[in-house]
Amino acid sequence: MTSPPSPGLDRLLSDPTRLAIMSVICAVEWCDFAFLRDSVSLSDSALSKQLATLKKDEYVEQRRTYLGRVPKTTVRATDQGRQRLLGHVAALQAIVERTSRPQPDEVT
């Protein structure tokens, strides 16, 4: 059984690019680097930099294999990364819910 998502906004996922990356890779078990790059509209170098940041804080892990002599990189979210994404999304939803409700003095 997994623990519930931690509450509050996540500093790393406040960046829209990293949030998009985590949203894509949390939807699958393993994600091909090229597919991820195209899904979030980044260059290879920009995606590599963002993945390095996420990997350093243990949000993602990477695996490099070879098809013959051609390298293939795949990425997946760690359990911790998935939990942090869920907590961040829950915090965003709470903010949206608070701002969409009329305040008591605004109700007529």
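The structure holds five salt bridges, a salt bridge being a side-chain nitrogen of Lys or Arg within 4 Å of a carboxyl oxygen of Asp or Glu. The model is predicted, so local features need pLDDT of at least 70 and side-chain atom pairs count only at pLDDT 80 or more, whereas totals for chains, interfaces and linings use all residues. Residues are numbered from 1 along each chain as its sequence is written, and side-chain values use heavy atoms, with hydrogens and water left out.

Side chains of opposite charge can pair when their charged atoms come close. Asp57 sits in the loop between helix H3 (44-56) and strand E2 (60-67), and Arg11 in the segment before helix H1 (16-25), so the bridge ties together parts that are 46 residues apart in sequence. Helices (H or I, at least four residues) and strands (E, at least two) are DSSP runs, numbered from the N terminus. Accessibility sorts residues into buried (under 20% relative accessible area), exposed (over 50%) and partly exposed (in between), with a 1.4 Å probe and protein chains only. Asp57 is buried, at 17% relative accessibility. Arg11 is exposed, at 63%.

A further salt bridge joins Asp44 to Arg37. Their closest N and O atoms are 2.9 Å apart. Asp44 is partly exposed, with a relative accessible area of 40%. Arg37 is also partly exposed, at 22%.

Glu61 and Arg76 form a salt bridge through their side chains, at 3.1 Å from N to O. This pair links distant parts of the chain: Glu61 belongs to strand E2 and Arg76 to strand E3 (residues 70-77), 15 residues apart. Glu61 is partly exposed, with a relative accessible area of 30%. Arg76 is partly exposed at 25%. Both residues also belong to a network of salt bridges that includes Glu29.

The strands come next. Strands of a sheet pair through backbone hydrogen bonds, either parallel or antiparallel. Here, three strands form an open sheet in the order E1-E3-E2, with antiparallel pairing. Strand E1 (31-32) and E2 stand at the edges with a single partner strand each, so one side of each is left without a neighbour in the sheet. Two strands count as paired if DSSP finds at least two bridges between them. E2 and E3 pair over eight bridges, in the antiparallel sense. Val60 has Ala77 in E3 as its bridge partner. Arg64 stands opposite Thr73 in E3. The hairpin of E2 and E3 has two residues between the strands, and Gly68 takes a positive phi near 70° there.

Two helices lie across the strands. Contact means heavy atoms within 4.5 Å. Axes are lines fitted to C-alpha atoms, for helices over the stretch in contact, and angles run from 0 to 180 degrees between N-to-C directions. H1 lies across E1, E2 and E3, and runs at about 95° to E3. H3 lies across E2 and E3, at about 125° to E2.

Leu9 lies in the segment before H1. Leu9 is partly exposed, at 48% relative accessibility.
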